[in-house]
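Trainee: Please take the pockets of this protein and go through them closely, along with whatever contacts lead on from there. I would like one connected account.

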Amino acid sequence: MLDIRAIREQFPITRQRFRVLGQAEPKPLIYLDHGASTHPPTPVLETYKDFLERSYANVHRGRHYLSEMATDRFEHVSDDIFRFIRGSRSGNTVVLCGNTTQALDLAAHVMAHREGLTLVSLMEHHSNDLPHRTRGKVVHFGVRDDGTLDYEDLERKLRAHRVKLVAVTGASNVTGYLPDVHGIARMAHAHGAKVLLDGAQVLAHAPVDVRPNDDDGHVDFFAGAGHKAYAPFGSSFLFGPTEILDAAPPYIPSGGTVVYVTEDEAYYKKSPDRHEGGTPNIAGAVALAAALRFLEGAGMEAVRAHERALVERAMDGLRPLDGVRVLGHPDPARRIGALSLTIDGVPHELAASILNREAAIAVRNGCFCAHPYLHRLLGLTDTTELRRRLVAGEEVDLPGAVRPSFGIFNEEAEVDELLRMLRVIRDRAWKGEYGEIPGAAACKEL
């Protein structure tokens, strides 16, 4: 069990306060946007600062003390990543990147020249869909009305096509739904396909195990990022098969990717250097490793149990709230701490603004870069008119939802305050005027 008070003391952001409508004194921030970005705790901030102050130098390019120190710290980052995701160094490589999008794009790049198409779930963040579309044929497999994956559709399409890669999320950034990734891997491998897991949402919220290479449920590629795992922005990684990474052309051909260059030829390095073009975010990578060690110290089983309890409390409180609908499967055990919801008659932008300005509650709102999935959850079966208006250049208020997402330092009292404010919004009892938000005035009059 986590000691939440001790955990919170390690996060400076929990001491942030903001003025809200109707209160003379600033109110403590309630940060419920962990699905977008997480804040670094003090041990990670200190590691980051220490590198900048004491070891700041480029890697692999110098024989002086600072460069040697920086190189040593940078090259050991992969040790922490392999250990955290339980990956084997035998036959696998970790390539350090800038964000999850880049890591997923790298996976699409190294698979682009292989024969077959890519199966992408309709649950995906655009970053695990669009890169594959630019490099070859993509076929989507479906989701059910409750927001879960349609495994029967996946099996049908694996049988119907020659598939090289199945791209799927480790946890939905919209509903928090946790697919059976090892079951998907077994299905894919039975048909000769590899599996790419978008681990952005799951990395810091549930135990990760890519399993041994010879396990039928082995995850071939895994992408994750620091800013969603309590590290600063700008560092991520792709875990993948060394053979495939080495067989592909360099992701960004550049100085650091080559062994030797002539006027006519270039001889490229093996992975990971082969795909780490340019000066990397060395400090960010070092901080990412520190963040993974911080999570290991807390214990990922304990983190999962804590956040699941918060989700259960939230869903129990939301269930009797008429007019508030939680999207996706109703079982909290099948989710990480992300809840997308709608409030009848209240635009998502307005709801998020009220939470912020009147309670200092930080949530995300919109489509969450997962338009097909969200549209399915909202029951939008015909988007013809919406697309016509977008193509015509008209200003369009896109349909969307409000997403509170929980993290390691959130408390039950914060969930209760969220529930209180959602009742206020449902009852049209907010205090402020939000005339700058389309539909706000008419909404208050209902």
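Mentor: A helix here is a DSSP run of H or I with at least four residues, and helices are numbered from the N terminus. Keep in mind that this is a predicted model.

Start with the largest pocket, which has a volume of about 360 Å³. It is lined by 22 residues, and the closest to its centre are G35, H125, N173, Q201 and K228. Helix 5, residues 100-111, supplies the largest share of this lining, with 3 residues. Sorted by class, the lining of the largest pocket has 11 polar, 7 nonpolar and 4 charged residues.

The second largest pocket has a volume of about 290 Å³. Its lining counts 17 residues, with V181, H182, P207, V208 and D209 nearest its centre. By class, 11 residues of this lining are nonpolar, 4 are charged and 2 are polar.

D209 forms a salt bridge with R86, and the closest N and O atoms of the pair are 3.8 Å apart. R86 has a relative accessible area of 53%, so it is exposed, because the cut-off for exposed is over 50%. D209 has 29%, so it is partly exposed.

That contact is one of 33 salt bridges in the structure. Another one joins R73 and D50, with the closest N and O atoms 3.2 Å apart. This pair also links distant parts of the chain: R73 is in helix 3 and D50 is in helix 2 (residues 42-54), 23 residues apart. R73, at 25% relative accessible area, is partly exposed, and D50, at 27%, is partly exposed too.

Conventions:
Residues are numbered from 1 along each chain as its sequence is written. This is a predicted model: local features need pLDDT of at least 70, side-chain atom pairs count only at pLDDT 80 or more; totals for chains, interfaces and linings use all residues. Side-chain values use heavy atoms; hydrogens and water are left out. On a 1 Å grid over the protein atoms alone, a cavity is a set of points where a 1.4 Å probe fits but cannot get out, and a pocket is an open set with protein on both sides within 12 Å along at least five of seven lines; lining residues have an atom within 4 Å of a point. Grid points are joined across faces, edges and corners, and a volume is the space filled by probe spheres set on the points. Helices (H or I, at least four residues) and strands (E, at least two) are DSSP runs, numbered from the N terminus. Ala, Val, Leu, Ile, Met, Phe, Trp, Tyr, Cys and Pro count as nonpolar, Asp, Glu, Lys and Arg as charged, and the others, Gly among them, as polar. A salt bridge is a side-chain nitrogen of Lys or Arg within 4 Å of a carboxyl oxygen of Asp or Glu. Buried means under 20% relative accessible area, exposed over 50%, partly exposed in between (1.4 Å probe, protein chains only).
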